[in-house]
Amino acid sequence: MRRMSGWEAVCLLLAVVGLVAAPFLSAGNAVAQQREPILVGEIVSASGAFAVHQHGHHGATLAVEEINAKGGVLGRPLQLITRDDKSSGEEGVKAFRELAGMGVVAVVGHSFGATVLAASPLARDMRIPYLVNMGYTAEITEKDGHPYVFRTFTNERVFTRAFAEMVAKLPARRYCTIAVDFVYGRSGTAQILGSLRALRRDVEVLPGCQYWVPIGQMDFTPYITAILGQKPDALLFAGMVAAPGEAFVKQAKAFRVFEQMQGLHPTLAMPGNSAGLRREDIPEGILTGSDLPYPPPRPELRTFVEAYRRRWNHLPTEAAVHAYASIYLLKAGLEKAKQVDREALARALPGMTYLHPSHGWVKLRPFDNQSTAGWWFGRLTWDPTYGRAGLADPRYVEGEKYLLGEEQIRRLRALGR
């Protein structure tokens, strides 16, 4: 038998070592693969007319940090990739396309309704789960809904219908309305008036007293003067939101508008609509509501508010708490799917129940992916505990009873095709 040369012996040794080490090297690669981050796209209105929604990024980041500190999801950390839609539908579409190309497993969005409606068809066509946490326009999950868009909070149908029930009990009969002229401004006003008229046939909007304010306009003196001249019993200004809403309240108070008529605004107590109001700006008694009321009435919400304040050194808005809840829902969906896969996640999310800090345990309805979250109602006041606009005597209204049923959703979507 021929004796092996020194070189042949070395080769044989290396081969044996390779065979023995191969399983361990493969296992090591698998572990390394598991630790690769799960990419989550994030679209934020960080600039433009609706830049108040940028706090959604802070809420999402807080959730990601908490989740990663506890081991991540399926053994891997989450990583946000963030883009600014500049409060523009066109920019939102560009941002969605860019994120999709980067391989994100899902997109979360803290934008207003028009941007969501512009980006939503891309989620459907590209088959990417889109977890919407701002944009209350009902169409997002009704007429324009599809299997890849999920709204993790309420929609305008809940708080407008519930608000109309409350308003119908007031003696007011003669109304004026004013709203910023954008999707929610018109749809929210129409929803409230439609529901109110169905409950009270004697209600009327005074002729020529329905005003639509161009986006970007901040001087409301001509509108206020005209409204005072009409002398209505009540003023519905539901569509005055974000910075225009705050400016309108300040200017209306200077004219003592709400001393002469009942003020009605179902969302004015939302932080995004009232964070800039100071104690001296607030007219007492406006009937309103919020999905993040101050002071926080639920223990889970107080815990979130304090954690958020410690992390960011300011108070959260509704965009922040909805984004926070969305990231935890995304985590639960991936764990239910047991894999990091867009299609598997889209199949896992419908019907899931999850804990929302503002609303408690809510459900994503399986036939329209709309959350059953409700709304908090009360009267606008000053909250000395947190030093901001708050909600006096808050009461919670469950959302499910005000949403459209499954057959109604099917008919709407069939008409929209």
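Guide: Contact means heavy atoms within 4.5 Å. The model is a predicted one, in which local features need pLDDT of at least 70, side-chain atom pairs count only at pLDDT 80 or more, and totals for chains, interfaces and linings use all residues. Residues are numbered from 1 along each chain as its sequence is written, and side-chain values use heavy atoms, with hydrogens and water left out.

Visitor: How many helices and strands are there in the chain?
Guide: Helices (H or I, at least four residues) and strands (E, at least two) are DSSP runs, numbered from the N terminus. The C-alpha trace of the chain spans about 115 × 50 × 35 Å along its principal axes. The chain has 14 helices and 14 strands.

Visitor: What percentage of the residues of the chain count as buried?
Guide: Buried means under 20% relative accessible area, exposed means over 50%, and partly exposed lies in between (1.4 Å probe, protein chains only). Of the 417 residues of the chain, the share that counts as buried is 55%.

Visitor: Is V104 buried or exposed?
Guide: V104 sits in the loop between α3 (89-101) and β3 (106-110). Beyond its neighbours within four places in sequence, V104 is in contact with L39, V40, G41, I81, L99 and R342. Its relative accessible area is 0%, so V104 is buried.

Visitor: And T141, is that residue buried or exposed?
Guide: T141 also belongs to a loop, the one between β4 (130-132) and β5 (149-151). Setting aside neighbours within four places in sequence, its contacts are R151, N155, D368, N369, Q370, I409 and R413. With relative accessibility at 0%, T141 counts as buried.

Visitor: How far does helix α6 reach from its first C-alpha to its last?
Guide: The expected span of a helix is 1.5 Å times one less than its number of residues. Helix α6 (residues 183-199) has 17 residues, for which 24 Å is expected. Its reach is close to that, at 25 Å.

Visitor: Which residue with a positive phi follows α8?
Guide: Helix α8 (residues 242-254) has 13 residues and reaches 19 Å, close to the 18 Å expected. Its buried residues are A242, P244, G245, E246, A247, F248, V249 and A252, and their cover includes β6, α7 (221-230), β8, α9 (257-260) and α10 (271-274). After α8 comes a residue with phi near 60 degrees, R256.

Visitor: What is the phi of L74?
Guide: Most residues other than glycine have a negative phi. L74 lies in the loop between α2 (55-69) and β2 (78-84), and its relative accessible area is 34%, so L74 is partly exposed. Its phi is positive, near 55 degrees.

Visitor: Where does K86 lie?
Guide: K86 is a residue other than glycine with a positive phi, near 55 degrees. Its relative accessible area is 46%, so K86 is partly exposed. K86 lies in the loop between β2 and α3.

Visitor: What is omega for the cis peptide bond that joins Y294 and P295?
Guide: Most peptide bonds are trans. P295 is in the loop between β10 (287-290) and α11 (299-312). For the cis bond joining Y294 to P295, omega is about -5 degrees.
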